[in-house]
Amino acid sequence: MKKLTIEDVAQKAGVSKSTVSQFLNKRFKYMSEATKNRIAAVIEELNYQPNGLARSLKQNRTFMVGVIVANIDYSLSIQCIRAIENELQRHGIQVIICNADENADKENTYVETLVARQVDGLIIFPTGDNPSAYTRLIEAHYPLVFMDRLVEGVTTQSLLLDNEMAVKTAVKELVRHGHEAIALLSLPLGEHAITPRRERMSGFRKAMEDAGLALNEQYMRSVPREEIASALDALLALPQPPTALLAANDLVLGEILKYANRHSIAIPGRLSVIGIDDAEFARIYNPDITTIRQPAYEMGMQAAKIMLSLIENEDTSVPITYRFPPALQQGQSVQAPAK
């Protein structure tokens, strides 16, 4: 049986081969709706399958994009990946997902591997702070988008939450309910001072100052996940323990809730709690937890659209940092402190 070609589709649809090629590459700018529908109908009728390898060689593209996440455990990572994959697949681009596990060396290995596989671009949640690892890509005009984190000395399209506003929103909500003794729990800043953690800690200081509240340094804890229970022991053993806790991300919030269950700590009776990142389990917990949502899916969609523009050489604008606004998701985990 003769293998169908693009020429067969063009003849049956009554258009040129280049028009069919434009259709297959989803370039509809100068194509009428009637022509699009006619080509689509012929492709379906003939069950035509484009030669992916030939298409890649001709266009010097692989129709693949690499996504390197710092830690796939974060709810942000999962939601962003879903959005990125959905949007890119709509344009015929497959996604290769790699988890760097907060390891800069592992991330560098993935970058080298994906570049060697000639992916069309990279979306990275960076783990390191070595600018040269990224500037080589930028100098080579390689499509590159940063998610969630910035790297000092690197200028590329970057998307992340307005972290200081997120903390300010949380503190404002706690103060509205009469709290003054507010503690912040965060994972460690890390060797490279990870952007969201650094900005959320500095934002906490500013938010407390703006609220006219004294900052108790003992209330600010930055510890590994496995040490959060010990940090909570220390906080609650203070002569004046905090009446409210702000979890700097979803992993910290999960550990706080497990601790509260183990020690029969009533939320919000004894401790009011707010978490940054709108983790799914926050809605399941009883009571449901007030959170500061970052629009992760929207961030992922925007990252994919920017990547498409970079690949098509349409985005020639100066690289900018996109800051997404947080939103307060009301739960039942905040009330006035016990007298």
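Me: Starting with R117: buried, partly exposed or exposed?
Reply: R117 is partly exposed, with a relative accessible area of 49%. The cut-offs are under 20% for buried and over 50% for exposed, with partly exposed in between (1.4 Å probe, protein chains only). Keep in mind this is a predicted model, where local features need pLDDT of at least 70, side-chain atom pairs count only at pLDDT 80 or more, and totals for chains, interfaces and linings use all residues. Residues are numbered from 1 along each chain as its sequence is written, and side-chain values use heavy atoms, leaving out hydrogens and water.

Me: OK, where does R117 sit?
Reply: R117 is in the loop between α6 (104-116) and β3 (121-124). Helices (H or I, at least four residues) and strands (E, at least two) are DSSP runs, numbered from the N terminus.

Me: And what does R117 touch?
Reply: R117 touches T62, M64 and I96, leaving aside residues up to four places away in sequence. Contact here means heavy atoms within 4.5 Å. As for Q94, it is 23 residues from R117 along the chain, and their C-alpha atoms are separated by 13 Å.

Me: Switching to S333. Buried or exposed?
Reply: S333 is buried, at a relative accessible area of 0%. You'll find S333 in the segment after β12 (327-329).

Me: Which residues does S333 touch?
Reply: Not counting residues up to four places away in sequence, S333 touches I267, P268, L271, S272, V273, P287, D288, I289 and T290. G275 is 58 residues from S333 in sequence and 9.9 Å away in space, C-alpha to C-alpha.

Me: How many aromatic pairs are there?
Reply: The count is 1 aromatic pair. Rings of Phe, Tyr and Trp (its six-membered ring) pair if their centres lie within 6.5 Å; planes under 30 degrees apart are stacked, over 60 edge-to-face and the rest tilted. The ring centres of Y134 and F146 are 5.0 Å apart and their planes are at 85°, so this pair is edge-to-face.

Me: Where are Y134 and F146?
Reply: Y134 is in helix α7 (residues 131-139) and F146 in strand β4 (residues 144-147), so the pair ties together parts 12 residues apart in sequence. Y134 is buried at 2% relative accessible area, and F146 is buried at 1%.

Me: Now helix packing. At what angle do α1 and α2 pack?
Reply: α1 and helix α2 (residues 17-24) pack at about 105°, with their axes 8 Å apart. Axes are lines fitted to C-alpha atoms, for helices over the stretch in contact, and angles run from 0 to 180 degrees between N-to-C directions. That makes α1 roughly perpendicular to α2. For the wording, under 35 degrees is roughly parallel, over 145 roughly antiparallel, 65 to 115 roughly perpendicular and the rest oblique.

Me: Which residues meet there?
Reply: I6, E7, V9 and A10 in α1 meet K17, V20, S21 and L24 in α2.

Me: How do α1 and α3 cross?
Reply: The axes of α1 (residues 6-13) and α3 (residues 33-46) come within 9 Å and cross at roughly 125°. The two are therefore oblique to each other. D8, V9, K12 and A13 in α1 meet R38, I39, V42, I43, E45 and L46 in α3.

Me: Last one: how many helices and strands in the chain?
Reply: The chain has 13 helices and 12 strands. Of its 339 residues, 48% count as buried.
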